[in-house]
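Me: Please take a close look at one part of this model and how the rest is arranged around it. Keep it plain, and give the cut-offs for the terms you use.

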Amino acid sequence: MSTIETQIEQVLEQMRPALRLDGGGIEFVRYDAQTGAVHVRMQGACVGCPMSQITLKMGIEAALQDAIPEITEVIPVDSDTHEPQT
């Protein structure tokens with residue numbers, strides 16, 4: 001695991017308790033060093049929740065970008081296909 005991937009996991013670990021309070025979770029899938037995109041999988045109550053997009057962009061993406069300037073965006077992936085959700 002690269003240094004950036006380790007940093008991503010550390011930031012996500014700080015976010016997980018708040019997500020668990022609402023019955024949700026987040027899993028780090030991969031980091032694309034060329035685009036700066038972090039791919040994550042939402043879990044539990046976060047799957048399909050209308051607020052998860054706000055949580056993802058305003059909370060998780062903002063926290064990751066503050067901690068790791070190389071990150072450009074956070075992209076949720078489908079749990080079955082591992083492809084970005086549309």
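**The sheet and its packing**

Reply: An open sheet is built from three strands in the order S1-S2-S3, with mixed pairing (two strands pair if DSSP finds at least two bridges between them; strands, E, of at least two residues and helices, H or I, of at least four are DSSP runs, numbered from the N terminus). S1 and strand S3 (73–76) are the edge strands, each pairing on one side only. From one strand to the next, the twist averages 30 degrees (axes are lines fitted to C-alpha atoms, for helices over the stretch in contact, with angles from 0 to 180 degrees between N-to-C directions).

This is a predicted model, in which local features need pLDDT of at least 70 and side-chain atom pairs pLDDT 80 or more, while totals for chains, interfaces and linings use all residues. Residues are numbered from 1 along each chain as its sequence is written, and side-chain values use heavy atoms, without hydrogens or water.

S2 and S3 run parallel and are joined by four bridges. Opposite Ile-75 in S3 stands His-39. H2 packs on the sheet, where H2 touches S1, S2 and S3, and the direction of H2 makes about 140 degrees with that of S3. The other helix, H1, lies across S1 and S2 and runs at about 165 degrees to S1.

The largest nonpolar core has 18 residues (buried Ala, Val, Leu, Ile, Met, Phe, Trp, Tyr and Cys joined through side-chain atoms within 4.5 Å; buried is under 20% relative accessible area, exposed over 50%, partly exposed in between, with a 1.4 Å probe and protein chains only). Ile-8, Leu-12, Ile-26, Val-38, Val-40 and Leu-64 have the most contacts inside this core. Two or more of its residues come from each of helix H1 (3–21), strand S1 (24–32), strand S2 (37–44) and helix H2 (52–67). H1 gives the largest share, five residues. Beyond its neighbours within four places in sequence, Leu-12 is in contact (heavy atoms within 4.5 Å) with Ile-26, Phe-28, Val-40, Ile-60 and Leu-64.

Strand S2 also holds Arg-41. Arg-41 counts as buried because its relative accessibility is 10%. The Arg-41 side chain makes a polar contact with the Glu-27 side chain at 2.6 Å (N or O atoms within 3.5 Å, one able to donate a hydrogen and the other to accept it; residues adjacent in sequence count only if both atoms are side-chain atoms).

As for cysteines, the whole structure has zero disulfides (cysteine sulfur pairs within 2.5 Å). The sulfur of Cys-49 lies 6.6 Å from the closest cysteine sulfur, in Cys-46, so the pair is too far apart for a bond. Cys-46 is buried at 10% relative accessibility, whereas Cys-49 is partly exposed at 30%.
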